[in-house]
There are 2 protein chains.
Amino acid sequence: MSLAMSSKQSRQPTGSPRRTPPASLTVKRLSLYLRYVETLAEKGRSTVSSRQLGKALGLTDTQVRKDLSCFGQFGRPGVGYHVGDLVGRLRAILGTDKVWNVAVVGVGSLGRALLRYKGFVGKGFRPAAAFDSAAGKVGKKFGGVVVQPMSELAGAVKKSRIRLAVLTVPAKAAQDVADRLCRAGIRGILNFVPVTLTVPAGVAVVPVDLVVQLEQLSYLVNASGKKGPGSGD
Amino acid sequence: MSLAMSSKQSRQPTGSPRRTPPASLTVKRLSLYLRYVETLAEKGRSTVSSRQLGKALGLTDTQVRKDLSCFGQFGRPGVGYHVGDLVGRLRAILGTDKVWNVAVVGVGSLGRALLRYKGFVGKGFRPAAAFDSAAGKVGKKFGGVVVQPMSELAGAVKKSRIRLAVLTVPAKAAQDVADRLCRAGIRGILNFVPVTLTVPAGVAVVPVDLVVQLEQLSYLVNASGKKGPGSGD
DNA sequence: CCATGTGAATTAATTCACAGCT
DNA sequence: AGCTGTGAATTAATTCACATGG
């Protein structure tokens, strides 16, 4: 057995990405950490350990520490992480310490549901505008947001400082609308349309295809019929 | 058209997992392959190459071939994959060659939107029942499905052979309802509630947290502000 | 003692390179 | 020519092991 050497590194001021690159899988877990730690904050808990966090989310304690440590070192040996601090840190990393104005484009049943969705409040996202090409929908109000015609899109995006869009238009229109959003200066698109979008560099797309999600379930259920692994929440 | 592989096959019977294990990331991509290949089928295209597939989805051709090959070898050197055949194979792998009855549990705005969502038709999923604990909603019809009281859940699940559930209840009720679903014999849960569910082995959970998705966007947009990687559709 | 942070080892996933079929 | 399928090499992600602080 070899003798490890001491690395001996003094502590960086605050929140310095030590080494490893951001890593896309890590970021997804950061959201889950935040979600869980926020519930702890509501309950008045003041500290949490990587083991408790991992247990609640189905991860190992090492995984949790690795994820957190690559964005800086918060958390104290022997104690754990300070809940309030961790909430702040995670929000800052994810960029939800400020509120993002979001446009909902396509006011079908899904778009309307998102406009009315209560889960965004306090999470850093605010549906700030809605757009639809159907004249019959323009002027109507859903979740407190008045639907505007598509012709207003570029103007409203600039005026209301909207940087994110939720896309819930019919598949045939999706790429066209995405192009318009990009030209209007939108920086990210949450895409519910079952189509792979092409966007210029500098614009992010996160796809959410409900059929794809159900297919994952279908696969897992079929697979567990033969063999027996767990699941994947 | 549509001539299944006739004679000439010294291959394995059908869809034999050659070597590699199923791999969870692979399955997500299979859904994307299916989605794209279905659009090709509608357009009447008869073959597609791994390169074309990859190009359309932002993947390398090698990646596509690796993914497909680990479920058996369909596709002919020098030609590519037969579109009709590939659709059938992918559906069989994902388990959507038969129709799954799905229960929507929790008929808030999101649940209603999912009941009305048109995108499930022809994809192997059918909203077959809806449940809500609010007496005011019971008896109402959304997307052709009548809302039933929670007390009917176990009975309806058995009677209608429902094996998948979409969970869109308030966060406080989520784990309780999930427990009831599991006792009723449900095999998979598509979880829209921002809570990590605990379920017995043999039940699959696929989480879809809209806030988490937006946080991914937020992170990506913030990150591209400093440096300049692309996106991630 | 318990808990974090991290280099080293391990395992998973992707890409490379090429044999072989059309 | 073009294309698939796959071992080998590479790169990413996770887990292990342990030094160090509370």
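User: At what angle do helix H2 and helix H3 of chain A pack?

Analyst: H2 (residues 50-57) and H3 (residues 61-69) of chain A pack at about 110 degrees, and their axes are 7 Å apart. Axes here are lines fitted to C-alpha atoms, for helices over the stretch in contact, with angles from 0 to 180 degrees between N-to-C directions. H2(A) and H3(A) are therefore roughly perpendicular to each other, a label that covers 65 to 115 degrees; under 35 is roughly parallel, over 145 roughly antiparallel and the rest oblique.

User: Which residues make the contact?

Analyst: Ser50(A), Arg51(A), Leu53(A) and Gly54(A) come from H2(A), and Asp61(A), Val64(A) and Arg65(A) from H3(A). Contact means heavy atoms within 4.5 Å. By class, the residues are two nonpolar, two polar and three charged. Ala, Val, Leu, Ile, Met, Phe, Trp, Tyr, Cys and Pro count as nonpolar, Asp, Glu, Lys and Arg as charged, and the others, Gly among them, as polar.

User: Before I go on, what sort of model is this, and how is the numbering done?

Analyst: It's a predicted model: local features need pLDDT of at least 70, side-chain atom pairs count only at pLDDT 80 or more, and totals for chains, interfaces and linings use all residues. Residues are numbered from 1 along each chain as its sequence is written, chains are lettered from A and ligands numbered from 1 in the order in which they are written, and side-chain values use heavy atoms, leaving out hydrogens and water.

User: OK, over to chain B. How do the axes of H1 and H2 cross there?

Analyst: H1 (residues 24-42) and H2 (residues 50-57) of chain B cross at roughly 100 degrees, with axes that come within 10 Å. That makes H1(B) roughly perpendicular to H2(B). Leu32(B), Tyr33(B), Tyr36(B) and Val37(B) of H1(B) meet Leu53(B), Ala56(B) and Leu57(B) of H2(B). The class count for this contact is seven nonpolar, no polar and no charged residues.

User: How many helices and strands are in chain A?

Analyst: Chain A has eight helices and nine strands. Those are DSSP runs, numbered from the N terminus: helices are H or I with at least four residues, strands E with at least two.

User: What's the strand order in the chain A sheet?

Analyst: It's an open sheet of seven strands, E5-E6-E4-E3-E7-E8-E9, with mixed pairing. Strands pair if DSSP finds at least two bridges between them. E5 (141-142) and E9 (204-207) of chain A are the edge strands, each pairing on one side only. E3 (residues 100-105) and E4 (residues 125-132) of chain A are parallel, joined over six bridges, and Val104(A) stands opposite Ala130(A) in E4(A).

User: Which helices pack on that sheet?

Analyst: H7 (residues 171-183) of chain A touches E3, E7 (164-167) and E8 (188-191) of chain A, and its direction makes about 170 degrees with that of E7(A). H8 (residues 210-226) of chain B packs there too, touching E3, E4, E7, E8 and E9 of chain A, at about 160 degrees to E9(A).

User: And where does H8 of chain A lie?

Analyst: H8(A), residues 210-226, lies across E3, E4, E7 (162-167), E8 (188-191) and E9 of chain B, at about 160 degrees to E9(B).

User: Gln213(A) is in that helix. Buried or exposed?

Analyst: Gln213(A) is buried, with a relative accessible area of 15%. Buried means under 20%, exposed over 50% and partly exposed in between, using a 1.4 Å probe and protein chains only. Leaving aside neighbours within four places in sequence, Gln213(A) contacts Leu190(B), Val206(B), Pro207(B) and Val208(B).
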